[in-house]
Amino acid sequence: MVTGLHSFFRRLILTLAGNRLVTRLVSRYGMRLGARRFVAGEDWEQAVVQVKALNDSRMSTTLDYLGESVTDTAQARAARDTYLALLEKIDASGVRASVSLKLTQMGLDISRELCVENVGAIVRKAADLGNFVRIDMEGSAYTQVTIDIYRELRRDFDNVGLVIQAYLYRSEEDVRSLAGLRPDLRLCKGAYLEPADVAFPRKADVDENFKNLIALNLGQGGRTAVATHDEKIISWTEAYIRENRVPKELYEFQMLYGIRPALQRRLADAGHPVRIYVPFGTEWYPYFTRRLAERPANVLFFLGNLLRR
Ligand code: FDA
C-alpha cells in the first residue's frame, strides 16, 4: 500500500479507536472476533501456555500485563502488585520471560512520585530474582519524562531498559545522550499518532532512521533489541551483525505475539536471540487498536469475523 494511504488509514483507525461507541462495541466482542490473535489470554494461566510454547521453539519472551493511562492511585498500585506477583510466577515456573510495562499504567498521569515508587519496587524485585524490566515508550508527551525516570532508575539498577522510537526526530539525540549509561534499548518504529513536527511522516524516513539508531546504539556499546517485523530492516541488521561481528549478548530480535510467527521461527532457527512480546490481561483494547491500525488487512479480518456472526 502506498505510504500516504497507509498513513491516512492509520490515523483514521487510531482516531476512531478513541470514539466511545467504538470502544464499547470492540471491548465487548473484540476478544472473540480477533483480538485473541494478538493477546495471549486474559490471565497468567492462559499466557504461560503461550510462553512455554515459545520457549520450546527457542524463543524468550517479555510479558506485558496490559494496562495504560491509569488515573486512579489504587489501580496503579494494583498494577504494580500484579507485576510483583508476575515476577514471582515467572521465577517459580522457570519460564524464560522478562517483563515490559508502561509508566502510565504505574500512575504517571497521577504523580511522577507514585510512578517512580511503583516502577522502582518492580525493578528491585526483578533484580532480586535475576530478571529484567523494560519500560515501553508511549506517546510523545511522555518521551522526556520516561527517559528521565529511566535515568533515575539506572542510578540504582542495571536490570532496566528503555524503548526508543525511530519515528521521532529527537531519537538520534536521545540515543547519543544515553551513551554513557550503555543503555539496553529496544528500538522500534513507534505506534502512536504523532504530528509531523514531532515524527517523520514518511515510512522511508522512519526506516532509515531505524537503521541509523541500530548502528548508533550498537556502536556505542549499548545492548540493542531490534523490535520489528520488517524483513528489510531485519535483513539489514543480520548483515550489520555479521559484518561487525556483534556478539549475541549485545543484540536480539524482538517481535509481537501473533505477528509473523514464521519469521520469528526462522530467526530463532538461524541461531539469533529472539524475544517475543506477549501481552495478556483484560485491558487489551488500546493495544489491540494499535495493532489494527498498523495493518489494513487486520481490520478487514476483524470486520469479516463480525459479519460472519
Ligand atoms: P511495519 O509496520 O513496516 O511492518 C512490517 C511488516 O510486519 C508488515 O508488512 C506486516 O507483514 C507485519 N506487521 C506489522 N504490524 C503488523 C500487525 N499489526 N499485524 C499484522 N502484521 C503486521 N511501539 C511503541 O510506540 N512503543 C513501544 O514500547 C513498542 N514496543 C514494541 C515491542 C516489540 C517487541 C515490537 C515488535 C514492537 C513494539 N512497538 C512499540 C510497536 C512498533 O512501534 C510498531 O508499531 C510495530 O512493530 C509495527 O511496525 P514494524 O516495525 O513491524 O514495521
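I'll start with R186: leaving aside neighbours within four places in sequence, R186 is in contact with T62, S100, R134, D136, L162, V163, I164, A225, A227, Q254 and Y277. Contact means heavy atoms within 4.5 Å. This is a predicted model, in which local features need pLDDT of at least 70 and side-chain atom pairs count only at pLDDT 80 or more, while totals for chains, interfaces and linings use all residues. Residues are numbered from 1 along each chain as its sequence is written, and side-chain values use heavy atoms, with hydrogens and water left out.

Back to R186. The residue is found in strand β5; helices (H or I, at least four residues) and strands (E, at least two) are DSSP runs, numbered from the N terminus. Is R186 buried or exposed? R186 counts as buried, because its relative accessibility is 7%. The cut-offs are under 20% relative accessible area for buried, over 50% for exposed, and partly exposed in between, with a 1.4 Å probe and protein chains only. From R186 to M106, 80 residues apart along the chain, the C-alpha separation is 20 Å.

Now the overall picture. The protein has 12 helices and 8 strands. For 309 residues, a compact globule would have a radius of gyration near 19 Å, and the protein has 19 Å, so the two agree. That radius is taken over C-alpha atoms, and the globule rule is 2.2 Å times the number of residues to the power 0.38. Along the principal axes, the C-alpha atoms fill a box of roughly 50 × 45 × 40 Å. Buried residues make up 53% of the 309. Of the contacts with a separation of 6 or more, 73% are between residues 24 or more positions apart.

As for charge, the mean positions of the 44 positive and 38 negative charges are 6 Å apart. Lys and Arg count as positive and Asp and Glu as negative, with His and the chain ends not counted; each charge is placed at NZ of Lys, CZ of Arg, CG of Asp or CD of Glu.

Next, the cores. Which residues have the most contacts inside the largest nonpolar core? They are L63 and L101, in a core of 73 residues. A nonpolar core here is a set of buried Ala, Val, Leu, Ile, Met, Phe, Trp, Tyr and Cys residues joined through side-chain atoms within 4.5 Å. Not counting residues up to four places away in sequence, L101 touches Y83, M106, V119, I122, V133, R134, I135 and D136. A second, separate core has 22 residues, including A17, V26, F38 and I259.

F288 lies in helix α11, residues 285-294, and is buried, since its relative accessible area is 1%. Beyond four places in sequence, F288 touches V26, G34, A35, F38 and F302. F288 and R37 are 251 residues apart in sequence, yet 9.5 Å apart in space, C-alpha to C-alpha. G30 sits in helix α2, residues 20-33, and counts as buried because its relative accessibility is 0%. With neighbours within four places in sequence left aside, G30 is in contact with L25, A35, W284 and F302.

Last, backbone angles. Most residues other than glycine have a negative phi. S69 has a positive phi, near 50°, and belongs to the loop between β1 (60-65) and α4 (73-93). At 47% relative accessibility, S69 therefore counts as partly exposed. R182 also is not a glycine and has a positive phi, of about 45°. The place of R182 is the loop between α7 (171-177) and β5 (185-188), and R182 is exposed because its relative accessible area is 57%.
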